Structures are given as C-alpha cells and as structure tokens.
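Please look over the sequence and the structure shown here before reading on. The paragraphs that follow lead through selected parts of the fold.

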Amino acid sequence: MTFKKAIRTLELNKILDKLKYFASANITKDYIDEIEISTDYEEINKRLKETSEAVSLIVKKGEPPLFAIISLRDVLRRASLGGILNPSNLIDISNFLRVSRLLKNYLKKDDKDENTENISIIKDLIDNLYINRNLEDSINKKIISEDQVADDASRKLLSIRRNIVKLQGSLREKLEKILQSQKDYLQDCIITMREGRYVIPVRNENKSKVKGLVHDISGSGQTVYIEPIEVVNANNEIKTLKIEEKEEVEKILKELSEEVAEVSTSIESNELILREIDFIFAKGKLSLDMGANLPKVNKNRYIDLKNAYHPLLNRKIAVPINIYIGKDFTSLIITGPNTGGKTVTLKTLGILQLMAQYGLHIPADEDSQVGIFNNLFADIGDEQSIEQNLSTFSSHMTNIVEILEKVDEDSLVLFDELGAGTDPTEGAALARSIMDFMLERKIRCISTTHYNQLKIYALTTEGVKNASMEFDINTLSPTYKLLIGLPGKSNAFEISKRLGLSQKIINHARDLISQENIEFEKVLASIEKDRTKTREFKELAKRHKSDLEKQNARLENELKKIENSKEKILKEAKDEARRILLSTKENVDLILDEISSLKAEISSDQARRIQESGDLLRNSIRKVDNDKKFVIEKAKKPIEDIKVGDQVRNSFGNISTVLELPDSKGNIYIQSGIMKMKVPKESLTKIDPIDEVSKTKTRNIIKSKTMDVKSQIDLRGKNFEDSRDLVDKYLDDAFLAGLKTVNLIHGKGTGVLRKKLREYLKKQKNVKSYSDAPYNEGGDGVTRVILK
C-alpha cells in the first residue's frame with residue numbers, strides 16, 4: 001500500500017510545499033514529508049477535525065504564537081550528562097519554554113464562550129505542554145545575548161566587571177599621557193591591544209627609547225607594539241580579573257545547565273507536541289489560503305465533489321467541477337474535445353482525494369464527500385504536468401500493466417486517454433476490455449477517451465456512466481464544465497474549421513465516416529442542443545426564483561423593521577405619557593387640596609363648579625391611566641401600630657389620614673386630599689408629627705410671602721442702588737411663588753438703569769434669560785425676565 005507514484009503524478013508534492021510555507025519550524029517541514037496518506041477512517045477524520053479546529057482558532061483568536069520550535073535533543077542530552085551549555089543553547093531553551101507558555105495563554109484568551117469540545121485535539125496537545133516560568137525567567141535574567149552573560153547574573157561577576165572597567169579607565173589615562181609625552185617616537189597616537197594587553201605602536205627605530213615589553217611587530221617590520229612598563233601591573237591585574245570573570249561565567253552557565261538537566265526530559269517532551277501543533281496550524285492556514293472546506297468522509301468508496309477546484313489553479317479564472325462516482329455506478333467515461341478540461345478533471349478528483357486522506361481541507365463545497373481508498377493509481381500521460389499532453393501508447397500501457405497487477409476493489413483508478421496512441425479499432429477494444437475488468441471487480445474507475453465505442457459501451461452497460469466536457473457550439477470553445485449522464489462530441493470538424501482548415505477537406509472527411517457514426521454524432525448533437533436550451537431555461541428560472549426570494553426577504557425585513565419601530569415608538573410614547581401623568585397627578589392632588597381648603601371662603605355655586613371641575617379632571621386622569629395600574633410598593637419601614645386619625649405617607653409620597661383600621665386582608669382605608677382609597681398596610685409609613693408641623697409652618701410662611709406677588713415691578717424714578725434691593729427681594733418672592741416670567745419696568749430715559757439692571761441679572765442664579773418686552777408691552781422700557 002503506497003501512494004508515492006500517485007503523489008508525484010497528481011502533484012500532491014506541490015501542495016505539500018505550500019503547506020511547508022505555512023509551517024513555522026524546520027522540524028515541522030521535515031515532519032510534513034514523513035506523514036503518509038492514511039487509509040484508516042478514524043485517523044482521517046481526526047486529521048480533518050484538527051485542521052478544522054486550527055481554522056476556527058485562527059479566525060477567532062488570530063494566528064498562534066509559534067516560534068523558536070527547534071530540536072533540542074542533543075543540547076538536552078549534553079546537559080543531562082553534566083555538560084555546560086553555552087548562552088546560545090540556554091536562550092533556545094528559554095524561547096522553547098516561552099512559546100509553550102504563550103500557547104497556553106493563547107488558548108485561554110477570550111475563551112469564556114469557547115466550546116472546548118470543538119477544539120479538543122489542540123486543547124489536549126497544549127494542555128500537555130510543560131512550562132517552567134522560573135527556569136525561563138532565570139535564563140532571561142542571566143543571559144542577555146547568544147554570547148554574553150548579564151553583569152548582574154551574580155554579585156561576584158558584577159564586582160569583577162566593575163573592577164575591570166575601573167582598571168581599564170585608569171590604564172587608558174596613563175597610556176594617553178604616555179602618548180602625549182612620547183608622540184615623537186610613535187607610529188600612530190593610538191592605543192591598541194595585543195594578546196589581551198594594552199600596547200602602543202612605536203616606530204622600530206625608536207623602540208629602545210620607550211621602556212616596556214614588546215608583544216608584536218608589524219608585517220612590514222616598521223612598527224613595534226610595546227606595553228609601557230608603567231602599565232604592566234595594571235595589565236596584569238586586568239588579566240587576572242579576566243580569568244576570574246571567565247571562571248564566574250562558567251560557574252553561572254554550569255548552574256543554569258544543571259537546572260536544565262533536572263527537567264530535560266520534560267522539556268524534550270515538548271518538542272513532539274510543538275511540532276504537531278505547528279503542523280496542525282499550518283494545515284489550518286493552508287485551508288484559509290485556499291478557501292477550502294471540511295469534506296465528509298464515508299466508508300463506501302463514494303466520491304461526490306461539488307464546485308471543486310484544482311488547488312494549483314487560479315480560482316479567479318478556473319471553472320469549478322461537479323463530479324460523483326461510487327453509488328449508482330462505479331465506472332465513469334469522460335469524453336470531449338482536446339484542451340476541454342478532461343485531464344484537469346481527473347487530476348482535480350485525484351489530488352482532492354489524496355488531500356483529504358492526508359488530512360487537508362479541500363477547495364470544494366462543505367457538503368462534498370470523499371471515500372477511503374487503499375490505493376490510488378493514475379495513468380495520466382507520461383506523468384506530465386497539467387499543461388502538457390505528451391503521452392504515448394507504450395508509456396500508457398506500461399503503467400496500465402502495473403496497475404492491473406496491483407489493483408483491487410479498494411482502489412481508485414484514473415485513466416487519461418485510455419487506449420490512445422495506437423490503431424483506433426484495437427485501442428478501443430483494449431480500452432473496453434480494461435473497463436470490463438474494472439467493472440467486474442467494482443473498482444472505482446474514471447477514464448477519458450475520444451472513442452465512440454466507449455460512449456456506446458457506457459450507454460448500454462449497467463454500472464458505467466457517460467460524462468462529457470461541455471463545448472459551446474456558438475463560440476466553438478470549451479466551457480470546462482463537466483456534464484455527467486451525457487456523452488460528448490469531439491467536435492474535431494468544428495475546431496478544425498475554426499483553425500482555418502479548408503471546408504472542402506472537412507466535407508470530404510465527413511463523407512469518409514460511416515453512416516452509423518454520422519447518425520450517432522447527429523443524435524449527440526441534438527441531445528447537446530436540447531440540453532443547452534434546457535440549461536439556459538433552468539438558469540433563467542433559477543435567477544428569477546433567486547430574485548423573488550431576495551425581494552421577499554427584503555420586504556419581510558422592511559415589514560419587520562416597521563413593526564419593531566412601531567412597537568418601540570408606542571412604548572416610548574406610553575412611557576413618556578406615564579411619566580408626565582404621574583407628575584401631573586401629584587400636582588393635581590395638591591391643587592385640589594388647596595381648592596378644597598378655599599371652599600368655605602366662596603359661594604356655594606362656585607364651590608359646586610369647583611367640585612365638578614375637580615371630578616372632571618380626576619376622571620380624565622383615570623381614563624388616560626386606565627391601561628396601566630399604579631404599582632404599590634412596600635415601604636422600607638412599614639407602619640406597625642395604627643389608629644383612626646393617624647397621619648401616614650403612602651407609596652406615592654402623599655400624606656394621608658387613616659379613616660378605618662385594617663380589614664381581614666390587611667388593607668387600610670385612607671384619605672389623601674379628596675381621594676379615598678384602600679391600600680395595603682405594608683405600603684404605609686408613619687409621619688413624625690413634629691417634622692410635619694415644622695414642614696406645615698414652612699409652607700404657610702412661603703404661602704403668605706408669595707400670595708400677593710405680582711408679575712411685574714415698577715422701578716421708574718429710582719436709582720440703581722434702591723432698585724437693586726427691590727429687584728433682589730422681588731425675584732426671590734417670584735421664584736418661590738412659582739412665576740416663570742416677570743417684567744421689570746425701568747423706563748427708557750438715559751438707559752443707565754436699564755444697563756445696570758441687566759448687568760445685575762447676569763449674576764443671578766435664578767435667572768434663566770432676559771430681553772426687551774414686546775413693543776405693545778413697553779418695548780425697551782421694560783426688561784422681561786425668564787426664571788429657572
């Protein structure tokens with residue numbers, strides 16, 4: 001059971017190259033080549049599900065953090081054997097641990113509504129990742145680059161490096177002085193290093209004039225590099241500190257290596273998991289890039305591809321195919337003109353079947369199906385590319401012989417131009433015999449051909465079906481659409497005519513064809529013509545149906561919007577009316593109470609008219625509020641002891657008098673103003689008599705102060721100082737009296753009083769605005785004030 005030849009023939013390797021492009025790690029790219037085509041139903045579904053999980057996560061959360069995934073086996077083994085890892089190794093381990101930690105965070109991000117069952121495979125892999133934040137942080141703190149340990153990796157290292165820097169600074173100062181004092185002897189006024197020690201370049205002829213140790217001579221012999229005697233001790237001290245630094249660095253690296261060694265097995269286990277995660281997400285990225293979908297997998301070797309594309313062709317110009325085989329028939333014979341898309345159809349079906357069994361989504365509709373085959377054999381030319389057509393009879397037959405030796409009922413076989421390249425009569429006979437061989441064993445087989453004998457064979461044999469590549473008679477060009485159920489014409493005469501072949505030659509060729517073949521071709525042409533018309537009518541009806549459905553959907557949406565808008569407007573209007581009604585009712589109750597208190601001071605006829613007006617007002621309020629009951633809320637501190645005559649406050653905030661004690665249901669008969677009602681006892685609160693007396697006195701004082709307030713005040717003949725005091729008191733009284741508009745009569749005169757009064761009004765909190773009164777009410781001789 002091998003698919004190697006089919007993978008090469010159908011160019012699955014090119015798809016795998018695209019898959020490698022989306023993989024983050026080299027170990028994953030090597031792993032892609034190691035994965036084999038699966039023939040196990042459960043395994044194929046698992047591979048496809050994990051691809052779907054990756055697509056879902058990428059769409060919802062973006063691409064995962066996949067980096068620094070490398071093979072650490074040799075490094076970890078060296079650490080476990082007591083070896084000392086270098087800074088680069090330790091950074092690799094830190095990054096390895098970090099990507100594991102970040103993947104766990106990636107899965108937790110925005111996972112409140114995430115159904116873990118939908119990502120169970122990837123979740124299990126990520127859950128099994130080993131993380132060690134302490135080791136990760138320790139490495140990051142102590143190692144700052146691939147070849148450098150941090151100064152503060154240890155106190156001792158920090159101290160050593162500070163001393164080195166200090167000594168180097170001191171040494172450079174000394175050397176700078178030497179350069180200045182002996183510059184006549186130097187080749188260049190620079191400080192350089194030889195063998196790890198600071199030296200200066202001296203001309204060879206002057207070397208005896210500079211005391212020190214010679215460390216090197218230039219290639220030309222003209223320059224001698226001398227370490228001045230004055231800095232020998234300093235250089236020695238630096239050299240000693242450098243040795244101590246190296247020892248301390250090795251100690252730090254050894255400690256970190258030992259920490260790694262303790263958990264090396266756990267870290268190594270992450271390698272395979274991260275490689276698998278990277279592989280799965282690479283499949284997800286490829287799926288999104290191709291616009292691919294999850295196919296359904298069946299055990300019945302049934303293939304049904306809908307709107308399928310070849311993954312290597314440009315979808316913007318390629319034509320999708322619909323092809324099925326394995327349920328009502330096991331053999332399919334495809335006919336049609338050259339360059340009409342027969343070979344592409346074979347390759348599309350073959351490569352999509354391989355992709356699905358590999359675990360990749362396929363560029364076809366979601367309800368497409370694939371079967372499971374233990375072998376896939378493809379004889380397509382000389383294993384040519386899609387664009388080529390270079391097959392020969394010998395190469396075909398060599399492949400066919402090999403296929404017939406290995407094929408069984410669990411195989412899928414694809415023949416391109418079966419029987420071509422030899423004598424047509426013998427080739428057609430061989431092709432039919434091979435198709436019979438496949439049919440007897442119920443092997444799923446698809447073959448392309450030009451032979452009329454095979455078209456007739458498919459029409460007259462059960463289990464075999466004709467198919468054709470559609471050809472546009474009007475334009476004499478292929479449409480690349482596959483039509484199952486109808487044999488196709490080769491259209492050789494029409495194509496030749498279009499390419500410029502003489503009509504005389506074409507007519508003579510027609511005369512050479514047998515009458516039987518001519519009649520068969522005419523039948524095919526008639527069928528094709530009728531089918532074209534039927535398809536056009538069907539597409540037109542489909543468009544009309546689609547337009548009607550869209551129009552109905554649009555109208556339904558409009559009606560729904562209107563209904564929703566209507567309900568919303570009515571609700572808002574009712575709520576606003578309710579609010580106004582509640583506010584108005586409270587004001588009406590207060591007004592009616594006041595009117596009731598004045599009944600004794602007016603005539604009986606006036607009292608009767610007031611009573612009738614009050615009743616009319618109450619009835620109007622009840623009528624408006626009839627569709628919505630008042631909600632009687634329970635008091636925070638319900639009254640306990642109660643007797644007739646007590647003053648209480650109801651849930652609406654009004655003060656009421658108890659008329660009767662609670663009945664059997666716990667309801668109390670109260671009077672609020674002129675209204676009498678029964679309310680639950682727990683909705684009433686007792687009033688403190690002292691507070692109420694105080695409030696009553698306050699109201700009486702305000703009432704007496706505001707009873708005689710008029711809507712205007714005359715200030716003519718007064719200066720501003722006198723007017724200000726009068727206006728100040730008048731505005732307060734008017735505000736308390738509830739007046740909204742008052743007039744200040746100041747006259748026209750020189751306009752000084754008017755100006756100062758208006759400057760004064762700007763500063764008053766109770767004043768909303770002011771302006772000249774209307775012309776018929778005094779004009780600019782009167783200032784009209786609007787109170788807040």
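**A walk through the model**

In the contact between helices H5 and H10, Leu76, Ala79 and Ser80 of H5 meet Ser257, Val260 and Ala261 of H10, where contact means that heavy atoms lie within 4.5 Å. The residues of this contact divide into four nonpolar, two polar and no charged; in this scheme Ala, Val, Leu, Ile, Met, Phe, Trp, Tyr, Cys and Pro count as nonpolar, Asp, Glu, Lys and Arg as charged, and the others, Gly among them, as polar. Two packed helices are described by the angle between their axes and the distance between the axes. For H5 (residues 73–80) and H10 (residues 232–262), the angle is about 105° and the axes are 8 Å apart, which makes H5 roughly perpendicular to H10. The axes are lines fitted to C-alpha atoms, for helices over the stretch in contact, and the angles run from 0 to 180 degrees between N-to-C directions; angles under 35 degrees count as roughly parallel, over 145 as roughly antiparallel, 65 to 115 as roughly perpendicular and the rest as oblique.

The model is a predicted one, in which local features need pLDDT of at least 70 and side-chain atom pairs count only at pLDDT 80 or more, while totals for chains, interfaces and linings use all residues. Residues are numbered from 1 along each chain as its sequence is written, and side-chain values use heavy atoms, with hydrogens and water left out.

Taken as a whole, the protein has 22 helices and 25 strands, these being DSSP runs numbered from the N terminus, with helices (H or I) of at least four residues and strands (E) of at least two. Of its 788 residues, 40% count as buried, where buried means under 20% relative accessible area, exposed over 50%, and partly exposed in between, computed with a 1.4 Å probe on protein chains only. Among the contacts with a separation of 6 or more, 67% come from residues 24 or more positions apart.

A pair of aromatic rings is described by the distance of the centres and the angle of the planes. The structure holds five such pairs, counted when rings of Phe, Tyr and Trp (its six-membered ring) have centres within 6.5 Å, with planes under 30 degrees apart called stacked, over 60 edge-to-face and the rest tilted. In one of them, the rings of tyrosine 31 and phenylalanine 279 have their centres 5.4 Å apart and their planes at 80°, so the pair is edge-to-face. This pair links distant parts of the chain, with tyrosine 31 in helix H3 (residues 26–34) and phenylalanine 279 in helix H11 (residues 264–290), 248 residues apart. Tyrosine 31 is buried, at a relative accessible area of 13%, and phenylalanine 279 is also buried, at 3%.

Phenylalanine 279 forms a further edge-to-face pair with tyrosine 358, at 6.3 Å centre to centre and 75° between the planes. Here, too, distant parts of the chain are linked, since tyrosine 358 lies in helix H12 (residues 342–358), 79 residues from phenylalanine 279 in H11. Tyrosine 358 counts as buried, at 1% relative accessibility, and ring pairs join Tyr31, Phe279 and Tyr358 into a cluster. The charged end of arginine 275 sits over the ring of tyrosine 31, 3.8 Å from its centre; a charge is taken to sit over a ring if NZ of Lys or CZ of Arg is within 6 Å of the ring centre and within 35 degrees of the ring normal. Elsewhere, arginine 194 lies over the face of tyrosine 225, at 4.0 Å from the ring centre.

The loops also deserve a look. Alanine 68, in the loop between helix H4 (41–61) and H5, has a positive phi of about 55° although it is not a glycine, and this residue is partly exposed, with a relative accessible area of 27%. Lysine 442, in the loop between helix H14 (424–440) and strand S14 (444–449), likewise has a positive phi of about 55° without being a glycine, and lysine 442 is exposed at 54%.

Alanine 292 is placed in the loop between H11 and strand S7 (296–297) and counts as buried, at 10% relative accessibility. Leaving aside residues up to four places away in sequence, alanine 292 touches Ser287, His361, Ile362 and Pro363.
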